[in-house]
Amino acid sequence: MIDYLIVGSGLAGISFSEMALGHNKSILVLDNNSQNSSKIAGGLYNPVILKRFSEVWKAQEQLVLMKEFYGVLEEKLQMKVDFKMPILRKFFSIEEQNNWFSASDKDTLAPFLSPDLISKKYAGIDSPYSYGEVLHTGYVDTALLLSKYQDYLIKNNWFREEAFDYTLLQVEQDSVRYKDVEAKHIIFAEGFGLHANPYFNHLPLDGTKGELFIIKAPELVLDVIVNTSVFILPLGNDLFKVGATYNWKDKTDLPTVEGKVELIERINEILNCKFEIVEHFAGVRPTVKDRRPLVGTHPDYSSVHILNGLGTRGVMLGPAMAKALFDHVENKLPLDSAIDIKRFRPKNQK
């Protein structure tokens, strides 16, 4: 018998895998690579919601856990995945500057928003109103991380590439059995694939489609991430990742003409140089309407658990949510009511 059978190897799945392995637990991960939102994600981490100038929920705690988590992974995999880089918010008016200064005076935001304007000029961008700098930011190369982590799991015989067949799962009193595997616990971390899961598909996971570009812009010179209506992330060799759109109706991972037009329009609002679209890709983020993850244990089965709904901030949320679930399962610690799936139980259930 193993300790954990983990379904899904996106950011949620590998976060829990690492948490379990770090505590000397045995695991097996199943994934058919059908959910690609973690792979195509921008991978940015940012403790501030720039649209509303508000702090990300429990940002400080998440940043601390995230730094340790990716540091351990980099050492284990012998590769760089966490790239610390300033995020600059381009201002389009004096009013936006004033809103920034007001936000940076707030106690909750002061540690994350620099009060000093950045007036540096970057070739390829007009910035008559300068920029504001967000602190403690950067990006994780999610595609590289997930690929190399899967290789690591395969090397240790902890991974099987296969679609999970829910009809074959047998839930017993203190364990689960799936095909030839017996485990003390099963963790479902399938992202938007949750909708096919009969144990948890009652939960209100509302996938949000995002489309992104890789563009080539030789005249654009950036060593920072610029964030306005889209982000522009320098990748080197005149290549930049740009995104993302938000579509709440389309649940496919296929790029669309509408998404392409929207991204081009937004890029043209920021850049004053030519660019070429090198790649156009899309994915469905696992989002929840109350903007909180889905973490917890099935109300009827003590060995069946979920880690999902990381949404657009999976890079920051993953390690913290994996720790919360692990502590809940192993040490019986209560989950924060903001993330516990109990918040969605029917009122007639205890």
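**Strand pairs, cores and a pocket**

In β18, P234 has F240 as its bridge partner.

Student: Which strand does β17 pair with, and in what sense?

Tutor: This is a predicted model, to start with. In it, β17 (residues 231–236) pairs with β18 in the antiparallel sense, over 5 bridges.

Student: And how many residues sit between β17 and β18?

Tutor: The two strands form a hairpin with 2 residues between them. N237 in that turn has a positive phi of about 55°.

Student: What else pairs with β18?

Tutor: β15 (residues 208–216) does, antiparallel, over 5 bridges. There, F213 has V242 of β18 as its bridge partner.

Student: How many residues of β18 are buried?

Tutor: 4 of its 5 residues. The strand, residues 239–243, is mostly covered.

Student: Switching to the open sheet of 3 strands. What's the order?

Tutor: β3-β10-β6, with antiparallel pairing. The edge strands are β3 (44–45) and β6 (82–84), and each pairs on one side only.

Student: How many bridges between β6 and β10?

Tutor: β6 and β10 (residues 138–140) pair over 3 bridges. F83 stands opposite Y139 in β10.

Student: OK, cores. How many residues in the largest nonpolar core?

Tutor: It has 70 residues. Those with the most contacts inside it are Y4, F16, Y70, L145, L307 and M321.

Student: Take L307. What does L307 touch?

Tutor: Leaving out residues up to four places away in sequence, L307 touches A12, F16, I187, F188, A189, L294, V295, M321, A322 and L325. Another core, of 25 residues, lies apart from the largest one. Its members include L169, Y178, F200 and V304.

Student: Last topic, the second largest pocket. What's its volume?

Tutor: About 280 Å³.

Student: Which helices supply at least two residues of the lining?

Tutor: α1 (11–22), α3 (59–77) and α7 (314–331) each do. The largest share of the lining, 5 residues, comes from α3.

Student: And which residues line the pocket?

Tutor: The lining is E18, M19, G22, H23, L65, E68, F69, V72, K76, P319, K323 and D327.

Student: How do they divide into nonpolar, polar and charged?

Tutor: 5 nonpolar, 2 polar and 5 charged.

Technical notes: Residues are numbered from 1 along each chain as its sequence is written. This is a predicted model: local features need pLDDT of at least 70, side-chain atom pairs count only at pLDDT 80 or more; totals for chains, interfaces and linings use all residues. Side-chain values use heavy atoms; hydrogens and water are left out. On a 1 Å grid over the protein atoms alone, a cavity is a set of points where a 1.4 Å probe fits but cannot get out, and a pocket is an open set with protein on both sides within 12 Å along at least five of seven lines; lining residues have an atom within 4 Å of a point. Grid points are joined across faces, edges and corners, and a volume is the space filled by probe spheres set on the points. Ala, Val, Leu, Ile, Met, Phe, Trp, Tyr, Cys and Pro count as nonpolar, Asp, Glu, Lys and Arg as charged, and the others, Gly among them, as polar. Buried means under 20% relative accessible area, exposed over 50%, partly exposed in between (1.4 Å probe, protein chains only). Two strands pair if DSSP finds at least two bridges between them. A nonpolar core is a set of buried Ala, Val, Leu, Ile, Met, Phe, Trp, Tyr and Cys residues joined through side-chain atoms within 4.5 Å. Contact means heavy atoms within 4.5 Å.
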